[in-house]
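This briefing is for a reader meeting the structure for the first time. Please look over the sequence and the model before reading the notes that follow.

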Amino acid sequence: MSVSEREWAEAAGVLAEEVATPGWADAVAGTPRHLLVPAWWAYRPPTHWERVDAYGDPGRWRVAYTDATLVTRVGARHADDVGAGDTVTGSPTSSSTLPSLVVAMFEHAEVAEGDRVIDVGTGSGYSAALLAHRLGGDAVTSVDVDPYLVRVARERVGRLGRRPEFGCVDADRALPGQGYDALVAMVSVRPVPAAWLAAVRSGGRIVATIAGTSLLIRARVRDDGTACGRVLADSAGFMRTRVGDDYPSMDDVFRAGRDAEGDSVTTDEGEPYDLAPGGDVRTLVTLATGATDFRGYRREDGAELAWILHSDGSWARIERCRAAGGGGRSRSVHQGGPRALWDEARVALGVWEERGRPSVRDFAVTVTPDATTLVWDGPAEWRITL
Ligand SMILES: C[S@@+](CC[C@H](N)C(=O)[O-])C[C@H]1O[C@@H](n2cnc3c(N)ncnc32)[C@H](O)[C@@H]1O
């Protein structure tokens, strides 16, 4: 099935009106996103992803013109592969970011005509295509760790007559080129890699997210090769950088801590912390411990269980049960592995409470080649080094 230029241009025009700022409206209206995302994975809870072909049903291609993230790769399987079995399980490893967020990231980086920009996380090539529409292909470099994604984005974006430079690198380690006016990352990191500081000119902007959190930061590079800025009020969450085809599974760590007694068992008194995703507590626990996964559920007897897991094999399990004798609830914490994650989290949560529970969005950020540090510049300084 083919889609006429009139049809997609009309759909892209409506999308541009809905999501684009004035500076990005022409790029959104002029970019055929359906050609960059011909297939994707749709989540079928609780565990599966089902392959969707943009041309499988009449009009399905129009999904590319909704303000939605389209997951294009799950585990090691890209939705472009038409093969045996059209369902997969696993975590997303690439996607086409929702257009409003792509535009917001460019706005946060103050990208404008005349800038040279590096787009970290090519994915479908949509962000690179928008940049090349506005700035010209010569001004845009886009990198991804995945050779297939890079090759396909180069071909598909090239067919639109746009020729950004594409490169296949692990962005945690190296980036091609230097002297960029802005670096925009649609993959999350911890810490901001030294290679990013080296790639951006003095006065240039880095806009990125911190892995495992929805913290969005903007930092300006200084003459001394460090950068400083702030956590922004907006939030954004992106998949973290990977080195291989897929993320290492956390299932073994979870199995180790699912029911085990652990190396230490303590009772944690006081108000329970809300570990809900996106909340300040979950963000602080992630920042303080580097936790890579959180899991939780309510048992049939009403007990609430939460796990904090780290790829180094550490785990903490927090159990809230009805206390014996009927009154109130007791909380016990089991911890195992090389580090006591809940003890580390408790230290950070204690400081947070002493400071009057400041919002994590109120932190400044400094980036050096060795570390990224979040700094609360309230009455008593507080630094969290990543
Ligand atoms: C959310 S997608 C980017 C979406 C893209 N900007 C778009 O508009 O379609 C994140 C991308 O980061 C890539 N990525 C993951 N780890 C990386 C790494 N170490 N270096 C570079 N890219 C990486 C993934 O392969 C994935 O394609």
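Leu374 stands opposite Ile384, a residue of strand E21. The model is a predicted one.

**Strand pair E20 and E21**
- Strand E20 covers residues 372-376 and strand E21 covers residues 382-385; the two run antiparallel and are joined by 4 bridges.
- The link from E20 to E21 is a hairpin of 5 residues.
- In a regular strand, side chains alternate between the two faces of the sheet.

**Shell around the ligand**
- The ligand is surrounded by 24 residues, and the closest are Ser94, Gly121, Gly123, Ala171 and Val187.
- By type, the shell holds 10 nonpolar, 9 polar and 5 charged residues.
- At least two shell residues come from each of strand E6 (92-96), helix H5 (126-135) and strand E8 (140-144).
- E6 gives the most to the shell around the ligand, namely 3 residues.

**Largest nonpolar core**
- The largest nonpolar core has 99 residues, of which Leu183, Val184, Ile206 and Ile308 touch the most other members.
- Helix H5 gives the most to this core, with 7 residues.
- Both domain 1 (5-235) and domain 2 (251-354) give residues to this core, so the core lies between them.
- Leaving aside residues up to four places away in sequence, Ile308 touches Val285, Thr289, Ala291, Phe294, Trp315, Ala316, Leu341, Trp342 and Ala345.

Conventions. Residues are numbered from 1 along each chain as its sequence is written. This is a predicted model: local features need pLDDT of at least 70, side-chain atom pairs count only at pLDDT 80 or more; totals for chains, interfaces and linings use all residues. A residue is near a molecule or strand if its C-beta atom, placed from the backbone, lies within 6 Å of it. Ala, Val, Leu, Ile, Met, Phe, Trp, Tyr, Cys and Pro count as nonpolar, Asp, Glu, Lys and Arg as charged, and the others, Gly among them, as polar. A nonpolar core is a set of buried Ala, Val, Leu, Ile, Met, Phe, Trp, Tyr and Cys residues joined through C-beta atoms within 7 Å. A residue is buried if 20 or more other C-beta atoms lie within 10 Å of its own, exposed if 12 or fewer, and partly exposed in between; C-beta atoms are placed from the backbone. Domain bounds come from an automatic or database domain assignment. Two residues are in contact if their C-beta atoms, placed from the backbone, lie within 7 Å. Two strands pair if DSSP finds at least two bridges between them.
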